[in-house]
Amino acid sequence: MILSLFRKTKLSEPVYAVYNAIVAQSRREIFYAQWGVSDTLTGRFDMISLHAALVFRRLRSSEKQSKDFAQNVFDCFFHDMDRSLREMGVGDLSVGKRIEKMGSLFYGMLSNLSSILDSGDRARLIDFVSRNFHAGATDPQVERFADYIVECDTALKSQLVEQIMDGKVTFGDPK
């Protein structure tokens with residue numbers, strides 16, 4: 001995983017557009033002000049990871065082109081995390097270890113989320129939201145949050161992969 005940071009990537013305009021859409025959706029105020037997500041570095045990373053995981057679920061296919069695009073979005077994501085850590089003053093020797101840990105957390109979220117959404121098990125999804133965004137605590141908005149994740153997954157499934165690879169991605173609307 002860490003070696004992918006040194007691989008030459010094609011961070012094209014559509015890659016940046018998709019990553020920027022992921023970040024913009026993740027920064028929506030409702031998640032932090034009403035749905036109980038911690039407005040911290042960890043909470044924001046978790047929200048970006050969630051939306052990125054949903055996009056990667058949509059892009060998963062056997063087509064090399066969509067795999068390459070997904071890898072480039074992933075690389076953009078972790079280049080941004082690397083840059084952010086450095087701007088916050090994290091020492092050069094610590095950045096690699098933190099990025100590696102963030103990568104592991106992201107892959108864990110992607111794997112768990114995909115398994116849960118593929119199973120259609122609402123109780124597991126609610127538990128996933130509670131564990132990942134509320135430290136296991138019960139939050140009154142956890143069910144709405146779970147509904148939102150399903151809504152996003154459905155919205156992304158309805159989008160053509162080619163549209164996403166053109167930089168156009170649409171998520172559900174958190175209400």
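Colleague: What radius of gyration does the protein have, next to that of a compact globule?

Modeller: Keep in mind that this is a predicted model. With 175 residues, a compact globule would come out near 16 Å, and the protein agrees with that. So the radius of gyration here is 16 Å.

Colleague: What pattern does the protein follow along the sequence?

Modeller: Start with the counts: there are 8 helices, and the number of strands is 0. Reading along the sequence then gives α-α-α-α-α-α-α-α.

Colleague: What share of the contacts with a separation of 6 or more comes from residues 24 or more positions apart?

Modeller: For some background, buried residues make up 47% of the 175 in the protein. As for those contacts, the share from residues 24 or more positions apart is 68%.

Colleague: Is Gln159 buried or exposed?

Modeller: Gln159 sits in the loop between α7 (142-157) and α8 (161-165). Its relative accessible area is 8%, and the cut-off for buried is under 20%. Therefore Gln159 counts as buried.

Colleague: Which residue has its backbone oxygen 2.5 Å from a polar atom of the Gln159 side chain?

Modeller: Leaving aside neighbours within four places in sequence, Gln159 is in contact with Arg58, Ile164, Lys168, Val169 and Thr170. From that list, the backbone oxygen lying 2.5 Å from a polar side-chain atom of Gln159 belongs to Thr170.

Colleague: How far apart are the mean positions of the positive and negative charges?

Modeller: The protein has 23 positive and 23 negative charges. Take the mean position of each set, and the two are apart by 3 Å.

Terms used: Residues numbered from 1 in each chain as written. Predicted model: local features only at pLDDT ≥ 70, side-chain atom pairs only at ≥ 80, totals over all residues. Heavy atoms only, no water. Helix = DSSP H or I, 4+ residues; strand = E, 2+ residues; numbered from the N terminus. Rg over C-alpha atoms; globule rule 2.2 N^0.38 Å. Buried < 20%, exposed > 50% of the residue type's maximum accessible area, 1.4 Å probe, protein only. Contact = heavy atoms within 4.5 Å. Lys, Arg positive; Asp, Glu negative; His and termini not counted. Charge placed at Lys NZ, Arg CZ, Asp CG, Glu CD. Polar contact = N/O pair within 3.5 Å; in protein donor to acceptor, adjacent residues only side chain to side chain.
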